[in-house]
Amino acid sequence: MIKFTQTQKEEFDLLYKIHDEMTIFNTLTEIKNNENKYPVLYSCLFNSPVSLKNQDDFIIAWNDPESISVVPEKYYLIIFNDMYVSLDPDKNIVFTAKDDYSKTYQKEFTDTQINELQQRKEFVNKINLQNCKIFIEKD
């Protein structure tokens, strides 16, 4: 079984609708050239330490979609100096107090999102966000 997150599966399904019109090479090129349309697949296939393995798994899934198993995504809070690392609606980094439950800020992140945040100038070569994450249970 090839494990996909729900978001990966949704992006895969978008591409698979035009499966008959595309070779696997064209499909991978489509993802690479359209990072904004397929951000999770892009990150997984081209911006991950295990990109080649992920590409191999993607090819297997492309040829046999029944081999895909959707696993629930894990979500984390990132806590640094007793503050949450959050994103405002414009995707700017904001540090919010633990008791600030404002719905306007994104406070829950997947591992993929944390890795993307790690590349931002606010954190790169300054702090390892993976060391600041705390798993939260989702219903």
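## Pairing of strands

Two strands are said to pair if DSSP finds at least two bridges between them. Strand 3 and strand 4 of this predicted model pair in the antiparallel sense, with 2 bridges between them. In general, the strands of a sheet are held in pairs by backbone hydrogen bonds, and the pairing may be parallel or antiparallel.

## The chain as a whole

The protein chain contains 5 helices and 6 strands. Read from the N terminus, its elements follow the order β-α-α-α-α-β-β-β-β-α-β. The C-alpha trace extends over about 50 × 30 × 25 Å along its principal axes.

Of the 139 residues in the protein chain, 37% are buried. Among the contacts with a separation of 6 or more, 55% are made by residues 24 or more positions apart.

How many strands form the open sheet, and in what order do they stand? There are 4 strands in the sheet, arranged 5-4-3-6, and their pairing is antiparallel. The edges are strand 5 (93–97) and strand 6 (133–136), each of which pairs on one side only. From one strand to the next, the twist averages 45 degrees. As a general point, side chains in a regular strand alternate between the two faces of the sheet.

## Strand pairs and their turns

Strand 4 and strand 5 make a hairpin with 5 residues between them. Within this turn, lysine 91 has a positive phi of about 70 degrees.

Strand 3 and strand 4 also form a hairpin, with 2 residues between them. Asparagine 81, in the turn, has a positive phi of about 50 degrees. In this pair, phenylalanine 80 stands opposite methionine 83 of strand 4. Strand 3 is also paired with strand 6, in the antiparallel sense and over 4 bridges. There, tyrosine 76 has phenylalanine 135 of strand 6 as its bridge partner.

## The largest pocket

Where is empty space left in a protein? In general, this is shown by rolling a probe the size of a water molecule over the atoms. The largest pocket of the model holds about 860 Å³ of space. It is lined by 32 residues, and those closest to its centre are Thr5, Gln8, Val40, Cys44 and Thr112. Two or more lining residues come from each of strand 1 (2–5), helix 3 (39–46), helix 4 (51–63) and helix 5 (111–118).

Which helix gives the most to this lining? It is helix 3, with 7 residues. Sorted by class, the lining of the largest pocket consists of 14 nonpolar, 11 polar and 7 charged residues.

## Helix 3 and its cover

Helix 3 is mostly covered, with 6 of its 8 residues buried. These buried residues are Val40, Leu41, Tyr42, Ser43, Cys44 and Leu45. Val40 and Cys44 are also among the residues closest to the centre of the largest pocket. The cover over the buried residues of helix 3 includes strand 1, helix 1 (6–16), helix 2 (24–33), helix 4 and helix 5.

When its neighbours within four places in sequence are left aside, glutamine 55 is in contact with Leu45 and Phe46.

Isoleucine 59 also belongs to helix 4. This residue has a relative accessible area of 29% and is therefore classed as partly exposed, as that class lies between the limits of 20% and 50%. In general, an α-helix has 3.6 residues a turn, so residues three or four places apart point the same way. Isoleucine 59 and valine 124 are separated by 65 residues in sequence and by 32 Å in space, taken from C-alpha to C-alpha.

How values were computed. Residues are numbered from 1 along each chain as its sequence is written. This is a predicted model: local features need pLDDT of at least 70, side-chain atom pairs count only at pLDDT 80 or more; totals for chains, interfaces and linings use all residues. Side-chain values use heavy atoms; hydrogens and water are left out. On a 1 Å grid over the protein atoms alone, a cavity is a set of points where a 1.4 Å probe fits but cannot get out, and a pocket is an open set with protein on both sides within 12 Å along at least five of seven lines; lining residues have an atom within 4 Å of a point. Grid points are joined across faces, edges and corners, and a volume is the space filled by probe spheres set on the points. Ala, Val, Leu, Ile, Met, Phe, Trp, Tyr, Cys and Pro count as nonpolar, Asp, Glu, Lys and Arg as charged, and the others, Gly among them, as polar. Buried means under 20% relative accessible area, exposed over 50%, partly exposed in between (1.4 Å probe, protein chains only). Contact means heavy atoms within 4.5 Å. Axes are lines fitted to C-alpha atoms, for helices over the stretch in contact, and angles run from 0 to 180 degrees between N-to-C directions.
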